[in-house]
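The following paragraphs accompany the sequence and the coordinates.

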Amino acid sequence: MRLRKARHHLLIAAIAAVSLSFLAAIGSTSAVEERARPARGADADILQQARKALDEGKKTFRFDTFGDEAFWGDSLKLHQAIAGAANGGVGDGLTPHEALAVGLKVDVDALPGSLKSDLRHGRVNLDDPATTLALLRLNAVVGVTGFFERNGAQTLRSVGIQCALCHSTVDDSFAAGIGSRLDGWANRDLDVGQIINLAPDLSVVNALLGVSDQTTRAVVTSWGPGKFDAELFLDGQNSPTLIPPAFGLAGVNLHTWTGWGSVSHWNAFVANLEMHGKGRFWDPRLNDASQFPIAAANGFGNLNPDLSPDDDRITPKLADLHFYQLAIPAPAPPDDSFDHAAAKRGDVLFSGKAKCNSCHVEPLWTEPGWNLHTPAEVGIDELQADRAPDRRYRTSPLGGLWTHTKGGFYHDGRFATLPDVVDHYDAFLNLGLTAAEKSDLVEYLKSLPD
Ligand code: HEC
Ligand code: HEC
């Protein structure tokens, strides 16, 4: 009896083993076939569309001005200040050293080998604006496009900007400020206000804001590196925010520090209202004259309603631009940039005693859903929240924090370091974290996305 039972068990075990290996074999065969077999029909269409969208979206993110040279060049005449009087512009011109000092970056992959070698051997004059023009002609200044006279003369006739100006940097592989592009990384060296202040003619901005030239220049130069005020042209207040990273955003519902909308909403907003490209924009929330006096007076809530689709340089780009941004991963930190054992302990604290995971839900690091909070819920003032329609702050996604430690944390950089952020939560939420626990939590934050 006992023997029979044992044999019975053996038999069952044998059958189970055979069927498991059989199933595994089927599984692995089909997985291999899936990889080897070229996609056909609808699957192929989807793949092809995804590849095209990535390529087109990347081009738009890096190189498309959406026609905004009509603003930065034709109106503000920024190109004249870049060229300098010696090259057909005005003033001293912008030398490469000065351009790097205001945080502009040079794409080393756009430079010919001979120029790289001359640069390496100190044979290029980085104190001559003519060199800046040469870099613009090579399309090597990240986020800035120079438009030159077509008659062969090397005169800069206009200049436009791209998303990459603020949302890309370089890896400094060649020299400080010169390297390969890192799309989605916030350029926290970039002093947008100083660049605007270079422009010889800010009269359109002064008229929009209803202030003197002196006031406009004082406002923009008060921002400092890594900051920009995207709401200035809506409400005329001066409260700049940090440039946030534009990676790790897939799955995140609302975007910007104050949750204005989706990535695509914000892209249309920025391309039209900040960069001053040529397109349509629709957001009737901007018609509220008490919250957005300048936007309401200028009809920004329904921009260019009569623009012919053929002349719209923004709307046709939005789909691929959206797709590209969602594809940019939050970059993993260098292996030796944090204490692994401490980070492991911090991981436990993050979703335990420190309660971070109640809002920064792993692995999105923001709420799956309506990811906004009142200022009181995070223990800060309402100034910036009140400049957005929902009057709230968006739970920041935390992947790739290590790439933007410069300029501080939270929308305005009020917490200079990650330990300061953790101290804030410890006090505000009464967490009772020990010094060791705080430090473990910080190591974990430095490790994201782990
Ligand atoms: C002059 C600098 C500048 C330029 C140019 C710029 N941005 Fe931004 N971007 C910002 C700032 C500052 C914010 C934060 C705004 C806020 O919260 O009020 C932001 C926010 C964003 C966000 C939200 C990120 C998040 O965490 O949710 C995305 C996405 C984005 N920008 C994409 C773009 C794209 C695409 C373009 C080009 C069409 C662009 N930006 C052009 C400065 C810039
Ligand atoms: C009640 C929801 C909530 C909780 C709980 C919470 N956060 Fe936040 N967190 C936010 C919001 C909202 C912001 C954006 C604040 C702003 O824009 O000024 C933020 C911002 C941050 C930032 C700054 C990100 C950046 O790019 O500057 C860090 C870091 C952070 N939180 C870490 C934590 C840690 C660590 C914990 C746990 C101790 C935690 N958070 C708990 C909602 C929360």
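A residue is called buried if 20 or more other C-beta atoms lie within 10 Å of its own, exposed if 12 or fewer do, and partly exposed in between, with C-beta atoms placed from the backbone. Helices (H or I, at least four residues) and strands (E, at least two) are DSSP runs, numbered from the N terminus. The model is predicted: local features need pLDDT of at least 70 and side-chain atom pairs count only at pLDDT 80 or more, while totals for chains, interfaces and linings use all residues. Residues are numbered from 1 along each chain as its sequence is written, and chains are lettered from A and ligands numbered from 1 in the order in which they are written.

Helix 6 (residues 113-120) has 8 residues, of which the number buried is 0, so this helix lies largely in the open. Just after helix 6, Gly122 adopts a positive phi of about 65°.

Ligand 1 has 26 residues around it, and Cys163, Cys166, His255, Thr256 and Trp257 come nearest; a residue is near a molecule or strand if its C-beta atom, placed from the backbone, lies within 6 Å of it. At least two residues of this shell come from each of helix 8 (164-167), helix 13 (263-274) and helix 15 (318-327), and helix 13 gives the most, with 5 residues. By class, the shell around ligand 1 holds 18 nonpolar, 7 polar and 1 charged residues; here Ala, Val, Leu, Ile, Met, Phe, Trp, Tyr, Cys and Pro count as nonpolar, Asp, Glu, Lys and Arg as charged, and the others, Gly among them, as polar.

Around ligand 2 there are 24 residues, with Cys356, Cys359, Phe409, Tyr410 and Tyr425 coming nearest. Helix 17 (375-378), helix 18 (418-428) and helix 19 (435-447) each give two or more residues to the shell around ligand 2. Helix 18 gives the most, with 3 residues, and the shell divides into 16 nonpolar, 6 polar and 2 charged.

Helix 15 also packs against helix 2 (residues 41-63), at an angle of about 95° and with the axes 7 Å apart; axes are lines fitted to C-alpha atoms, for helices over the stretch in contact, and angles run from 0 to 180 degrees between N-to-C directions. Helix 2 is therefore roughly perpendicular to helix 15, a term that covers angles of 65 to 115 degrees. The contact has 8 nonpolar, 2 polar and 3 charged residues.

In the largest nonpolar core, of 96 residues, Leu441 and Leu445 touch the most other members; such a core is a set of buried Ala, Val, Leu, Ile, Met, Phe, Trp, Tyr and Cys residues joined through C-beta atoms within 7 Å. Helix 13 supplies the largest share of this core, 7 residues.

Technical notes. Parallel < 35°, antiparallel > 145°, perpendicular 65-115°, else oblique.
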